[in-house]
Amino acid sequence: MNMNIPDDKVRIRQAKLTDIRQIANYLSMLSDATKKRFAPHAFDEATLGSLLSSEKVMLFVAMLQPENEVIAYSIVQKGSLEHDQPRLQSYGISLDPTDCTLAPSVADEWQSRGIGTLIHQFVVKEIKNLGFKRIILWGGVQASNIPAVRFYQKHQYHLLGEFHYNGLNYDMILEL
Ligand SMILES: CC(C)(COP(=O)(O)OP(=O)(O)OC[C@H]1O[C@@H](n2cnc3c(N)ncnc32)[C@H](O)[C@@H]1OP(=O)(O)O)[C@@H](O)C(=O)NCCC(=O)NCCS
(Lines give C-alpha, C1' and ligand atoms only; values in the text may rest on other atoms or scores of the structure.)
Protein backbone atom coordinates (compact mmCIF):
# COMPACT_ATOMS: atom_id res chain seq x y z
CA MET A 1 0.00 0.00 0.00
CA ASN A 2 1.23 3.57 -0.75
CA MET A 3 2.32 5.91 2.05
CA ASN A 4 -0.56 7.72 3.75
CA ILE A 5 -0.78 11.45 3.08
CA PRO A 6 0.05 13.84 5.99
CA ASP A 7 -3.11 15.50 7.41
CA ASP A 8 -1.78 19.03 6.69
CA LYS A 9 -1.63 18.31 2.94
CA VAL A 10 -5.42 17.90 2.74
CA ARG A 11 -8.22 20.33 3.55
CA ILE A 12 -11.65 18.81 4.07
CA ARG A 13 -14.84 20.84 4.12
CA GLN A 14 -18.43 20.99 2.96
CA ALA A 15 -18.58 21.93 -0.74
CA LYS A 16 -19.82 25.35 -1.90
CA LEU A 17 -21.46 26.55 -5.11
CA THR A 18 -18.11 27.98 -6.22
CA ASP A 19 -16.62 24.43 -6.18
CA ILE A 20 -18.86 23.15 -8.99
CA ARG A 21 -16.28 23.26 -11.77
CA GLN A 22 -13.59 21.64 -9.63
CA ILE A 23 -15.91 18.83 -8.53
CA ALA A 24 -17.14 18.26 -12.11
CA ASN A 25 -13.52 18.10 -13.22
CA TYR A 26 -12.70 15.61 -10.44
CA LEU A 27 -15.68 13.42 -11.40
CA SER A 28 -14.80 13.52 -15.10
CA MET A 29 -11.28 12.23 -14.32
CA LEU A 30 -12.47 9.14 -12.40
CA SER A 31 -11.57 5.88 -14.12
CA ASP A 32 -14.28 3.66 -15.58
CA ALA A 33 -13.55 1.16 -12.79
CA THR A 34 -14.27 3.79 -10.11
CA LYS A 35 -17.35 5.08 -11.98
CA LYS A 36 -18.76 1.53 -11.99
CA ARG A 37 -18.56 1.60 -8.19
CA PHE A 38 -19.48 5.20 -7.55
CA ALA A 39 -22.45 6.56 -9.51
CA PRO A 40 -24.87 8.26 -7.10
CA HIS A 41 -25.86 10.97 -9.64
CA ALA A 42 -25.00 12.43 -13.04
CA PHE A 43 -21.60 14.13 -13.05
CA ASP A 44 -22.43 17.32 -15.03
CA GLU A 45 -22.23 20.85 -13.62
CA ALA A 46 -26.02 21.41 -13.80
CA THR A 47 -26.65 18.36 -11.59
CA LEU A 48 -23.95 19.48 -9.15
CA GLY A 49 -25.52 22.95 -9.06
CA SER A 50 -28.92 21.59 -8.13
CA LEU A 51 -27.42 19.26 -5.51
CA LEU A 52 -25.48 22.13 -3.95
CA SER A 53 -28.67 24.19 -3.77
CA SER A 54 -30.71 21.33 -2.29
CA GLU A 55 -31.71 21.14 1.37
CA LYS A 56 -31.74 17.36 1.14
CA VAL A 57 -28.06 16.72 0.46
CA MET A 58 -24.64 17.74 1.69
CA LEU A 59 -21.52 17.47 -0.46
CA PHE A 60 -18.03 17.21 1.00
CA VAL A 61 -14.64 17.61 -0.65
CA ALA A 62 -11.03 16.88 0.26
CA MET A 63 -8.65 19.32 -1.40
CA LEU A 64 -4.95 18.81 -1.83
CA GLN A 65 -2.90 21.70 -0.37
CA PRO A 66 -1.62 24.11 -1.55
CA GLU A 67 -3.01 23.28 -5.04
CA ASN A 68 -6.66 23.26 -3.85
CA GLU A 69 -7.32 20.33 -6.18
CA VAL A 70 -10.29 18.09 -5.30
CA ILE A 71 -8.99 14.56 -4.58
CA ALA A 72 -12.03 13.10 -2.79
CA TYR A 73 -15.75 13.76 -2.85
CA SER A 74 -18.64 12.39 -0.79
CA ILE A 75 -22.36 12.97 -0.96
CA VAL A 76 -24.71 12.58 1.99
CA GLN A 77 -28.48 12.57 1.56
CA LYS A 78 -30.63 13.24 4.60
CA GLY A 79 -32.85 10.23 5.29
CA SER A 80 -32.85 7.16 3.07
CA LEU A 81 -33.20 6.80 -0.71
CA GLU A 82 -36.81 6.21 -1.72
CA HIS A 83 -35.69 3.53 -4.15
CA ASP A 84 -33.82 1.62 -1.42
CA GLN A 85 -36.51 1.90 1.27
CA PRO A 86 -38.49 -1.31 0.56
CA ARG A 87 -35.28 -3.34 0.49
CA LEU A 88 -33.95 -1.78 3.69
CA GLN A 89 -37.27 -2.32 5.44
CA SER A 90 -37.25 -5.98 4.34
CA TYR A 91 -34.32 -6.46 6.75
CA GLY A 92 -36.60 -5.45 9.62
CA ILE A 93 -35.11 -2.01 10.33
CA SER A 94 -37.40 0.97 10.74
CA LEU A 95 -36.22 3.98 8.79
CA ASP A 96 -36.04 7.31 10.51
CA PRO A 97 -35.39 11.02 9.71
CA THR A 98 -32.18 10.66 11.77
CA ASP A 99 -30.82 8.28 9.11
CA CYS A 100 -28.63 9.54 6.32
CA THR A 101 -27.23 7.93 3.20
CA LEU A 102 -23.59 8.12 2.07
CA ALA A 103 -21.66 7.62 -1.17
CA PRO A 104 -17.88 8.23 -0.87
CA SER A 105 -15.20 8.45 -3.56
CA VAL A 106 -11.48 9.11 -3.79
CA ALA A 107 -9.53 9.95 -6.98
CA ASP A 108 -7.97 6.82 -8.45
CA GLU A 109 -4.36 7.87 -7.86
CA TRP A 110 -5.15 8.75 -4.23
CA GLN A 111 -7.05 5.59 -3.24
CA SER A 112 -5.70 3.43 -0.39
CA ARG A 113 -3.66 6.33 1.06
CA GLY A 114 -5.88 7.31 3.97
CA ILE A 115 -7.91 10.07 2.24
CA GLY A 116 -11.17 8.08 2.37
CA THR A 117 -10.66 7.67 6.11
CA LEU A 118 -9.97 11.41 6.61
CA ILE A 119 -13.07 12.55 4.71
CA HIS A 120 -15.20 9.86 6.38
CA GLN A 121 -14.10 11.02 9.86
CA PHE A 122 -14.97 14.59 8.91
CA VAL A 123 -18.39 13.62 7.52
CA VAL A 124 -19.21 11.56 10.61
CA LYS A 125 -18.35 14.48 12.91
CA GLU A 126 -20.44 16.94 10.88
CA ILE A 127 -23.52 14.78 10.58
CA LYS A 128 -23.38 13.68 14.22
CA ASN A 129 -23.41 17.38 15.16
CA LEU A 130 -26.55 17.76 13.05
CA GLY A 131 -28.26 14.97 15.00
CA PHE A 132 -28.02 12.09 12.53
CA LYS A 133 -27.76 8.69 14.18
CA ARG A 134 -27.08 6.20 11.38
CA ILE A 135 -25.35 6.11 8.01
CA ILE A 136 -26.72 3.80 5.33
CA LEU A 137 -24.71 3.08 2.16
CA TRP A 138 -26.10 4.67 -1.01
CA GLY A 139 -27.35 1.70 -3.06
CA GLY A 140 -25.25 -0.69 -0.96
CA VAL A 141 -21.74 -1.80 -1.93
CA GLN A 142 -20.80 -4.32 -4.61
CA ALA A 143 -19.50 -7.50 -2.95
CA SER A 144 -16.72 -7.58 -5.58
CA ASN A 145 -15.51 -4.13 -4.42
CA ILE A 146 -13.18 -5.60 -1.80
CA PRO A 147 -11.35 -2.33 -0.90
CA ALA A 148 -14.70 -0.61 -0.19
CA VAL A 149 -16.15 -3.56 1.77
CA ARG A 150 -12.97 -3.63 3.91
CA PHE A 151 -13.15 0.17 4.23
CA TYR A 152 -16.70 -0.01 5.63
CA GLN A 153 -15.83 -2.92 7.93
CA LYS A 154 -12.83 -0.97 9.24
CA HIS A 155 -15.13 1.96 10.00
CA GLN A 156 -17.54 -0.29 11.97
CA TYR A 157 -20.34 -0.60 9.42
CA HIS A 158 -22.27 -3.84 9.80
CA LEU A 159 -24.07 -5.96 7.27
CA LEU A 160 -27.83 -5.51 7.00
CA GLY A 161 -28.46 -7.88 4.12
CA GLU A 162 -27.60 -8.85 0.56
CA PHE A 163 -29.25 -8.24 -2.80
CA HIS A 164 -28.56 -8.94 -6.46
CA TYR A 165 -28.18 -6.08 -8.94
CA ASN A 166 -25.45 -6.51 -11.55
CA GLY A 167 -23.97 -9.12 -9.18
CA LEU A 168 -24.04 -9.48 -5.40
CA ASN A 169 -24.31 -6.33 -3.26
CA TYR A 170 -24.31 -5.70 0.48
CA ASP A 171 -26.42 -3.21 2.39
CA MET A 172 -24.36 -1.92 5.30
CA ILE A 173 -25.08 0.54 8.10
CA LEU A 174 -23.11 2.50 10.69
CA GLU A 175 -24.59 3.43 14.08
CA LEU A 176 -23.15 6.80 15.09
C1 LIG B 1 -13.72 2.97 -1.04
C2 LIG B 1 -12.89 4.25 -0.91
C3 LIG B 1 -13.81 5.44 -0.66
C4 LIG B 1 -11.96 4.09 0.31
O5 LIG B 1 -11.14 5.24 0.44
P6 LIG B 1 -9.54 5.08 0.50
O7 LIG B 1 -8.94 6.41 0.66
O8 LIG B 1 -9.11 4.29 -0.69
O9 LIG B 1 -9.35 4.19 1.82
P10 LIG B 1 -8.23 4.37 2.99
O11 LIG B 1 -6.89 4.52 2.37
O12 LIG B 1 -8.68 5.41 3.94
O13 LIG B 1 -8.29 2.92 3.65
C14 LIG B 1 -9.04 2.61 4.80
C15 LIG B 1 -9.27 1.11 4.83
O16 LIG B 1 -9.99 0.68 3.68
C17 LIG B 1 -9.54 -0.62 3.26
N18 LIG B 1 -8.85 -0.52 1.97
C19 LIG B 1 -8.53 0.62 1.29
N20 LIG B 1 -7.92 0.29 0.13
C21 LIG B 1 -7.85 -1.06 0.09
C22 LIG B 1 -7.34 -2.00 -0.86
N23 LIG B 1 -6.78 -1.61 -2.01
N24 LIG B 1 -7.48 -3.32 -0.59
C25 LIG B 1 -8.04 -3.73 0.56
N26 LIG B 1 -8.54 -2.90 1.51
C27 LIG B 1 -8.44 -1.59 1.27
C28 LIG B 1 -8.56 -1.07 4.34
O29 LIG B 1 -9.29 -1.69 5.38
C30 LIG B 1 -8.00 0.26 4.81
O31 LIG B 1 -7.47 0.18 6.09
P32 LIG B 1 -5.87 -0.07 6.29
O33 LIG B 1 -5.21 1.10 5.60
O34 LIG B 1 -5.69 -0.09 7.75
O35 LIG B 1 -5.57 -1.36 5.59
C36 LIG B 1 -12.01 4.51 -2.16
O37 LIG B 1 -11.12 3.42 -2.34
C38 LIG B 1 -12.78 4.69 -3.46
O39 LIG B 1 -13.16 5.81 -3.80
N40 LIG B 1 -13.01 3.62 -4.22
C41 LIG B 1 -13.70 3.73 -5.53
C42 LIG B 1 -15.12 4.21 -5.41
C43 LIG B 1 -15.89 3.35 -4.44
O44 LIG B 1 -15.76 2.14 -4.41
N45 LIG B 1 -16.74 4.02 -3.65
C46 LIG B 1 -17.60 3.32 -2.70
C47 LIG B 1 -18.83 2.83 -3.40
S48 LIG B 1 -19.87 1.85 -2.32
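## Fold

The protein has six helices and eight strands. Helices (H or I, at least four residues) and strands (E, at least two) are DSSP runs, numbered from the N terminus. Along the sequence, the order is β-α-α-α-β-β-α-β-α-β-β-α-β-β.

This is a predicted model: local features need pLDDT of at least 70, side-chain atom pairs count only at pLDDT 80 or more, and totals for chains, interfaces and linings use all residues. Residue numbers start from 1 along each chain as its sequence is written.

## Dimensions and packing

The radius of gyration of the protein is 16 Å, close to the 16 Å from the globule rule for 176 residues, so the protein is as compact as a globular protein of that length. The radius is taken over C-alpha atoms; the rule is 2.2 Å times the number of residues to the power 0.38. The C-alpha trace spans about 45 × 35 × 30 Å along its principal axes.

Of the 176 residues, 29% count as buried (20 or more other C-beta atoms within 10 Å of the residue's own, with C-beta atoms placed from the backbone). Among contacts between residues at least 6 apart in sequence, 67% join residues at least 24 apart. A contact means C-beta atoms, placed from the backbone, within 7 Å.

## Ligand shell

The ligand is surrounded by 22 residues (C-beta atom, placed from the backbone, within 6 Å of the molecule). The closest are Arg37, Gly116, Thr117, Pro147 and Phe151. Helix 2 (32–37), strand 4 (99–106), helix 5 (115–129) and helix 6 (146–154) each give two or more residues to the shell. Helix 6 provides the largest share, six residues.

By class, the shell holds 10 nonpolar, eight polar and four charged residues. Ala, Val, Leu, Ile, Met, Phe, Trp, Tyr, Cys and Pro count as nonpolar, Asp, Glu, Lys and Arg as charged, and the others, Gly among them, as polar.

Definitions and conventions: A residue is buried if 20 or more other C-beta atoms lie within 10 Å of its own, exposed if 12 or fewer, and partly exposed in between; C-beta atoms are placed from the backbone. Two residues are in contact if their C-beta atoms, placed from the backbone, lie within 7 Å.
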